[in-house]
Structure formats: C-alpha cells, structure tokens
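Subject: Structure handover and findings

Hello,

Please find the structure below. My notes on it come after.

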Amino acid sequence: MKKKNLTVKIILTVILGVICLFATFYSLVLLMFRTLWMVTLLASFFVVPLAIPLIWMKKKKAYLIAYISYLLCFAILLFTQIGIIAYNDAITIDVTPNINVNEYLPFESDSKIVKIESKTLDFEELPKEQLPIIDGATAAFPVYSAFVHAVYPDTTVLYDGIFEYNNTVSGYSKLAKKKTDIFIGAQPSQEQIDYAKTCGTTFEYTQIGYEAFVFFVNKDNPIDNLTMEQVKGIYSGEITNWSEVGGKNEKIVPFQRNEGSGSQSMLVRLMGDTPIIEPEMTEVNAMGAIIEEVADYKNKSTSIGFSFRFYVEGIIKNPDIKLLSINGVAPTMENIKNNTYPIIVPVYAVTYKSNTNENVHKLIDWMLSDEGQYIIEESGYVGIANKE
C-alpha cells in the first residue's frame, strides 16, 4: 500500500513538474506579446509549484489554509488585471464617420454648407460626361460640396460618379489613375506623387485657400503652448515627459495618423530631416479618431495629436480637447490672415497635367473668383485675397 501511495505521489509530482515547465515556457512567450504577462509569470513560478508539497506532507492543514489564501490573493490579482485590460479595450473610438456627410450635402434644405447660386459659372445644362469629377479630403468636404451646390446640376448626388468623397489616401490614388479630375485638400505626400508618376500622371496644383496645421491635447492638460522645437522634440522622441515642457510629470503619448493621410504628410513636411518616432500605438487611421483618442485616452491627459484647424473647430467640435498655441500664437483665422501663426498650410485644387476637359479649368478659375472665395471664407478657411 505504501509503495502504491509512493508511486501515486511520484506521478502527481511529475505531472505538476511538467505543468510548471510548460507554464514557464508559455508565460515567457506571452511576455513577448505583453499579454497578461504579470499574472501569468506569477502563476508559472509560484501557483503551480507550491502545490507539490501538498502531495508529500502528512500534516497538511496549516499549509493547505495558507495555500488557499494565496490562491485567493492570486485570483483577485488575476481578475483585477483582466478587468484593467478589458476596460482599456472597451475604450471605443467614434470613427464612423470622420464627418457626417449627410449634414453637408448639396441641394438639401437643412445642409450646413454655404449656399450660393453662381452667377458666373453654370454647369446645369452640361451632360454628365463633361462635368468635372470632384473629390477631396475629409476636412474639405463642406467646401467642395458647396462648390457642387453652386455650380453643378441639382440632380448631382454623392457617389454618382461626379461628386465623390474618398479621403486623402484613396482620393490621391484615384486622381493618379485619372479616375477623378479635381482633388480638394492639402498637398500629397512624396509617396503619392511618386505613385502618380508610375501611373504616368503629373499632379498640378492651384492654391485656393489657407489653413492652419494644429496640435491639440486633452482639455485637462495644463499645457497651452509649445514651441516649434518642442513639437519636433516630442515627435522625434527627444522629449518624452510633459514636465520637460512645463507640464505634469507624465509620459507623453504622441498619436500619429496613417501614412498618406493629409495630416500625417503635413507632419512629415514639418519635421523635415528630423526622424519621426514610431508610434507607441498603431497609427490612427481615421481623421476623427485621433481627436477622440486624445479626448479620452484611458481617461488621462497625456496624449497629443494633430489635424487641421477647420476640421477640429468647425466639424468635430469635441469639447474635451484644446488647440495649442505654437510659439505663443493661437491658430485662429485672424492669425492665419496676418501670417503670425507659424504653421500655415495651403489648400489646393489638385488636377493632373494633360486633362482635356475644359470645364476642369473653368471650375478652378471660378474657385479663385469672388464667388468661390466667398464659399471658402464662409466655410471656415482663409481665402487667397484675405491673407496678408
């Protein structure tokens, strides 16, 4: 009987030993992926091995009570960690849509766009195949939708093959393939220009307005101003704590956009030869998402993001973020007009060379007219003539 009990004890000990080895290996793998690594390591190194003495001890009561107490503490730690991870995963980002296009459609009585009927250009009688196919960036949608309202036939609707909304990445891709005629927005990235060349396309740029490239933080962040050098320091990784720029002793979480987006391309141009750090988190692919992230990043005020002024203030209007002054100058329309805000960016009507549709050039010229510039100004941008 004793020999049989000994055999059972040895078998159980071996089984637990194998489990310990497997758990240790498994925990080290999980450690590489930062997945519940803390509690998994505790389980591997302490929970399972501590059960082995129970097999061999004769007086187990005191040890069993202590072991059960340890298991209870471990269970509390485990479920607390799981709860924290579940909470972080539950912080959702409202990214659909980046802009509610239904609020900015042409020929709708309740549309928020600037509404005028052009007296100098009228495409009402043009056949569909002669109408310029117009597209644009997210932030520019209210502007070029107002262009459509002013000039195009009132039968024009979104996604009808004439009036498109594909955002910057897809929009420049379609323009490069000559599937659209005009793109309204910030200038393309170098990669988008190079891609156009592979398609046999050369972009041409007509500036139709001005905008400000802005940085923003959570409203609870005490920082209100950064210098250009500090911005570059944050996005190069040289500055990693808000205390280095006069804020709290908290790690800076600098969000970025996806490659090829208008705002990410602008950040690249702003940084120049200064390398940009890899984002701590996956790039934020939607323009509205970066605002939502900064507004409610795990309920902390440690993050910073960037976008264009009109999109932030005129479209999204999130009360939980605030725009930063740069070099002591706020990104207001007045400071864009008087040229004191340091990061002013052009708004372009981008076309492609060799486009034979004469109505494309007529529409571009109209955008620069008093009527087109009125729409740009009233939509929230700064027109060409109103900048010093």
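Predicted model: local features only at pLDDT ≥ 70, side-chain atom pairs only at ≥ 80, totals over all residues.

Residues are numbered from 1 along each chain as its sequence is written, and side-chain values use heavy atoms, with hydrogens and water left out.

Helices (H or I, at least four residues) and strands (E, at least two) are DSSP runs, numbered from the N terminus.

Helix α5

Helix α5 covers residues 141-151 and helix α14 covers residues 370-379. The two pack at an angle of about 140 degrees, with their axes 10 Å apart. Axes are lines fitted to C-alpha atoms, for helices over the stretch in contact, and angles run from 0 to 180 degrees between N-to-C directions. α5 and α14 are therefore oblique to each other (under 35 degrees is roughly parallel, over 145 roughly antiparallel, 65 to 115 roughly perpendicular, and the rest oblique). On the α5 side, the contact (heavy atoms within 4.5 Å) is made by P142, V143, A146, F147 and A150. On the α14 side, G372, I375, I376 and S379 take part.

How many residues of α5 are buried? The count is 11 of the 11, so α5 is largely enclosed by the rest of the structure. Buried means under 20% relative accessible area, exposed over 50%, and partly exposed in between (1.4 Å probe, protein chains only). The buried residues of α5 pack against β1, β2, β3, α11, α13 and α14.

Strand β6

Strand β6 (residues 303-308) has 6 of its 6 residues buried, so β6 is also largely enclosed by the rest of the structure. S303, G305 and S307 lie on one side, and I304, F306 and F308 on the other. In a regular strand the side chains alternate between the two faces of the sheet.

Two strands pair if DSSP finds at least two bridges between them. β6 pairs with strand β3 (residues 203-218) in the antiparallel sense over 5 bridges, and I304 is the bridge partner of V217. Strand β5 (residues 253-254) runs parallel to β6, joined by 2 bridges; here V253 stands opposite S303.

Strand β9

In strand β9 (residues 344-352), 8 of the 9 residues are buried, so β9 is largely enclosed by the rest of the structure. β3 and β9 run antiparallel and are joined by 9 bridges, with V345 as the bridge partner of E211. β2 and β9 also run antiparallel, joined by 3 bridges, and Y348 is the bridge partner of G185.

Regards
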